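Visitor: I have a model open and would like to learn how to read its features. Could you walk me through them?
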Amino acid sequence: MPKRTEFEEWLYNEIESQKGLYVPVTASIFERLLITKLSCDKIHPNPEDEFCFPEIGPSFRIISNYVNEFRENVQNGYPAIQEPLMVGKVHPSGYMLINGHHRWAAAMKSGFKTVPVKIINMTTPADIRRMIENSKHDKRVTMDLDEVILRDANDPYIEKVPGLRGGKSNQRMRLGIPALLRFFNTHGYDIWIYSANYYSIDDLQRYFRRYSVHVDGIITGTSKKKVSESEAEKNMAALFANKYGQTVHIDNDMVLVTHSGSGDFDEMAIEATGSDWSKEIIEKSKSFIEAKE
């Protein structure tokens with residue numbers, strides 16, 4: 001095995017030192033808006049990320065590629081790091097990486113003092129556990145935020161934005177989503193929203209409240225690839241299975257109803273794509289809702 005360089009030795013020691021030390025805490029809205037740069041030494045690697053797994057990362061080839069990219073950006077008159085690193089606030093001090101481990105390591109190797117960041121509040125396993133424990137329902141609806149709920153501002157079938165004049169976002173809520181989610185709410189379903197992107201959950205909570213929609217759970221950053229399912233993830237999946245006897249997953253062209261006890265499932269095709277999309281889902285969902293009630 002080749003001898004580690006001084007930087008590699010420092011990085012491995014830094015990763016090892018984080019284990020069991022930091023606890024995620026919520027960053028205030030002002031902190032998230034005002035802090036756009038952080039000192040590199042205030043940012044900690046996330047022990048639960050593949051970057052920190054002994055059998056996987058870090059990749060020093062990727063780190064070297066980023067070092068070269070940063071150098072070229074500066075030579076061409078651009079900021080070295082084009083995209084901010086995603087971080088979350090932690091106790092007792094500093095911020096933990098959510099996305100951007102290799103860029104952070106490349107910045108450290110390049111001798112950068114600060115890096116651009118975006119602070120977000122992610123849903124933690126403790127948050128999910130608390131949401132499940134506080135719920136009085138044994139049924140839930142799951143939807144993908146990016147693929148199903150959000151639409152481009154130029155889409156003809158979008159909701160009017162209540163209480164907002166203009167707005168910078170090009171993404172709007174799909175027409176019928178508020179009515180659809182309120183329908184399931186009134187029939188005793190918890191609403192869980194998933195996103196592959198790294199949104200801050202407090203931003204999403206405010207977004208849904210603007211449309212008078214109650215959402216029970218929000219899980220973001222689901223695109224993170226993992227070689228194997230961790231023990232914590234298995235425990236979380238078991239929590240969901242034990243809590244919810246029925247899960248209704250709504251997609252663009254399908255409603256999938258699964259029953260955790262038996263493992264059985266029902267699939268219903270959705271043909272409408274425009275203004276009747278949510279209406280068709282509500283009508284077809286009445287069959288299994290009435291049967292359960």
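Predicted model: local features only at pLDDT ≥ 70, side-chain atom pairs only at ≥ 80, totals over all residues.

Visitor: Let's begin with the overall picture. How many helices and strands does the chain have?
Guide: There are 10 helices and 14 strands in the chain. The C-alpha trace spans about 65 × 45 × 30 Å along its principal axes.

Visitor: What percentage of the residues is buried?
Guide: Of the 293 residues in the chain, 43% are buried. As for the surface, the chain exposes about 16400 Å², and carbon and sulfur atoms supply 51% of that area.

Visitor: What share of the contacts links residues 24 or more positions apart?
Guide: Among contacts with a separation of 6 or more, such pairs account for 73%.

Visitor: And where do the charges lie on average, taking positive and negative apart?
Guide: The chain has 37 positive and 41 negative charges, and their mean positions are 6 Å apart.

Visitor: Now the sheets. In what order do the strands of the open six-stranded sheet come?
Guide: Read across the sheet, the order is S11-S10-S7-S12-S13-S14, with mixed pairing. From one strand to the next, the twist averages 20°.

Visitor: Which way do S12 and S13 run relative to each other?
Guide: They are antiparallel: five bridges join S12 (residues 246-250) to S13 (residues 254-259). To find one of these on screen, pick Gln246, whose bridge partner in S13 is His259.

Visitor: How should I read the side chains along a strand?
Guide: In a regular strand the side chains alternate between the two faces of the sheet.

Visitor: Which strands pair with S6?
Guide: S2 (residues 37-39) pairs with S6 in the antiparallel sense over three bridges, and Lys37 stands opposite Pro116. S4 also pairs with S6 over three bridges, but in the parallel sense; there, Met86 has Lys118 as its bridge partner.

Visitor: What about the backbone? What should I look for there?
Guide: Most residues other than glycine have a negative phi, and most peptide bonds are trans. In this model, the bond joining His91 and Pro92 is cis, with omega about 15°. Pro92 is in the loop between S4 (85-91) and S5 (95-99). Ser212 is a case for phi: its value is near 60°, which is positive in a residue other than glycine.

Visitor: Where is Ser212 in the chain, and is it buried or exposed?
Guide: Ser212 lies in the loop between helix H8 (201-210) and S11. Its relative accessibility is 56%, so Ser212 counts as exposed, the cut-off being over 50%.

Visitor: Let me try another serine. Is Ser285 buried or exposed?
Guide: Ser285 counts as buried because its relative accessibility is 0%, and buried means under 20%. Ser285 has its place in helix H10 (residues 277-292).

Visitor: Which residues touch Ser285, apart from its neighbours within four places in sequence?
Guide: With those neighbours left aside, Ser285 is in contact with Phe183 and Phe184.

Terms used. Residues numbered from 1 in each chain as written. Heavy atoms only, no water. Helix = DSSP H or I, 4+ residues; strand = E, 2+ residues; numbered from the N terminus. Buried < 20%, exposed > 50% of the residue type's maximum accessible area, 1.4 Å probe, protein only. Contact = heavy atoms within 4.5 Å. Areas by Shrake-Rupley, 256 points an atom, 1.4 Å probe, with all protein chains shown as cover. Lys, Arg positive; Asp, Glu negative; His and termini not counted. Charge placed at Lys NZ, Arg CZ, Asp CG, Glu CD. Pairing = 2+ DSSP bridges. Axes fitted to C-alpha atoms, helices over the stretch in contact; angles between N-to-C directions.
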